[in-house]
Amino acid sequence: MMQAGRLNRRCVIQQPGTATDELGQPIPGWTDVATVWADIRLKSGLEAIKAGAPVSTVQASIRIRYRGDVNAGMRVVHNLVAYDIVAVQPDVGGREYVDLVCQVVS
């Protein structure tokens, strides 16, 4: 059973916006899906050089209560940090929680 005390970070789950301008072109942006409590665990960090500039990538695991409407391509925002969801891993035994495999690229 998941302990509520571990879900101690208030986060917003967002999906890419679907708004379009008057020409039918997509308008970049994000739309809030839900505000949830989460347990954020940073896994590792990696620095690399891409296109001649240093890039830092941080991997994280974010656990939330079970939701069926979260998928890869969405993001989780906490304290102005956006975690891109790479994969969604539901718990093996049922519908208690979901682990979101995320990364932050800066």
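Q: Leaving aside neighbours within four places in sequence, which residues is I62 in contact with?
A: In this predicted model, I62 is in contact with A38, D39 and I40, then V76 and Y83, and also V98, D99, L100 and C102.

Q: Which residues have the most contacts inside the largest nonpolar core?
A: I62, I64, V76, Y83 and L100 have the most contacts there. The core holds 18 residues.

Q: And which elements give two or more residues to this core?
A: Strands β1 (9-16), β2, β3 (53-65), β5 (81-90) and β6 (97-105) do.

Q: Back up a bit. How many helices and strands in the protein chain?
A: There are 0 helices and 6 strands. Along the sequence the pattern reads β-β-β-β-β-β.

Q: What share of the contacts join residues at least 24 apart?
A: Taking contacts between residues at least 6 apart in sequence, 50% join residues at least 24 apart.

Q: What about burial: how much of the protein chain is buried?
A: Of its 106 residues, 29% are buried.

Q: Switching to confidence: what is the mean pLDDT of the protein chain?
A: The mean is 85, and 84% of the residues reach 70 or more.

Q: Which elements have the lowest and highest mean pLDDT?
A: Strand β2 (residues 30-50) has the lowest, at 83, while strand β4 (residues 75-78) has the highest, at 96.

Q: What should one do where pLDDT is low?
A: The predicted coordinates should not be read in detail there.

How values were computed. Residues are numbered from 1 along each chain as its sequence is written. This is a predicted model: local features need pLDDT of at least 70, side-chain atom pairs count only at pLDDT 80 or more; totals for chains, interfaces and linings use all residues. Side-chain values use heavy atoms; hydrogens and water are left out. pLDDT is the predictor's confidence in each residue, from 0 to 100. Helices (H or I, at least four residues) and strands (E, at least two) are DSSP runs, numbered from the N terminus. A nonpolar core is a set of buried Ala, Val, Leu, Ile, Met, Phe, Trp, Tyr and Cys residues joined through side-chain atoms within 4.5 Å. Buried means under 20% relative accessible area, exposed over 50%, partly exposed in between (1.4 Å probe, protein chains only). Contact means heavy atoms within 4.5 Å.
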